[in-house]
Amino acid sequence: MPAASTTLRVLAATAIASLSVTGCQALDGAGVALGRADLVNDLAARMDRALEQTWAADYQLAGGQTASIAQTTDPLRSTYTWSGGKITVTQDAVTRCTSAAGRTSCTVSPPVLTAGKPSVIVYDEARKQGLVTPPAVIRLLTDAALEPEAAIQQTDTTLAGHHATCVDVTSAGERFTACVTTEGVLGSFTGTLDGKPAEVTLSRYTETVESTAFDMPAGAGVVDRRTKTS
């Protein structure tokens, strides 16, 4: 699976190239087009860099639920926890946990190649669960920037004590708002992902990560598929 950073750089570069062409065709719109491209590229670069850093973030979801993301570079590991489960990727294993009816079960699978970014796998798995991920938000932004009729407005705010750049996007009848902190962490998102309403807001951010963030939930039943049986 290609690294997410490569994908984001390609998407951002594509946006810049396409919008630059649009600017040449319509001089009156050149400033707007290049402004969109610059904004998308900046947000993509912020999130790209964050994939290679150590940090932890807590989020407030719709309906009063919560979620958290944590990752470290030494050792390389990443995890995404929410009310219905947890996904953790380390150099030793990929652990998927699900919670239902007061019981939690975890399946431990053999490690996979992460190209130095275990968060890539974590975010892919998290999106399959309907959760908001930074790569998913960046792709929405890029798609909007490539849409000539899209309206993109930028604002600034503070989330969990951290400055964030926000964009309000209306494109093809759809609307979403996304904020990215200066550190490259997703600050908030309100809109639709994969056809479903989604909402997330940063409630805490820290560059210090507790090792227990990567532990399996207490009392969970565990199936270790790394163990060879004869």
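Start by selecting Cys 97 and Cys 106: both are buried (under 20% relative accessible area, with exposed meaning over 50% and partly exposed in between, using a 1.4 Å probe and protein chains only). Before you click further, bear in mind that this is a predicted model, where local features need pLDDT of at least 70, side-chain atom pairs count only at pLDDT 80 or more, and totals for chains, interfaces and linings use all residues. Numbering runs from 1 along each chain as its sequence is written, and side-chain values use heavy atoms, with hydrogens and water left out.

**First stop: Cys 97 and Cys 106**

Show the side chains here and you'll see a disulfide joining Cys 97 to Cys 106, S to S 2.1 Å (a disulfide being a pair of cysteine sulfur atoms within 2.5 Å). Turn the view to look along the S-S bond: the torsion about it is about 110°, so this disulfide of Cys 97 and Cys 106 is right-handed.

**Next: Cys 166 and Cys 179**

Now select Cys 166 and Cys 179, which are joined by a disulfide with an S to S distance of 2.0 Å. Cys 166 sits in strand E8 (residues 162-171) and Cys 179 in strand E9 (residues 174-181), so the pair ties together parts that are 13 residues apart in sequence. Strands (E, at least two residues) and helices (H or I, at least four) are DSSP runs, numbered from the N terminus. What is the handedness of the disulfide of Cys 166 and Cys 179? The torsion about its S-S bond is about 110°, so it is right-handed. Cys 166 is buried at a relative accessible area of 4%, and Cys 179 is buried at 5%.

**Then: Pro 111**

Jump to Pro 111, in the loop between strand E6 (103-109) and helix H3 (118-128). Pro 111 has 40% relative accessibility, so it counts as partly exposed. Which residues does Pro 111 contact, leaving aside its neighbours within four places in sequence? Select Thr 90, Gln 91, Asp 92 and Ala 93; contact means heavy atoms within 4.5 Å.

**Last: zoom out**

Switch to cartoon for the whole chain, with its 4 helices and 12 strands. Colour by burial, and buried residues make up 44% of the 230 residues. Among contacts with a separation of 6 or more, 50% come from residues 24 or more positions apart.
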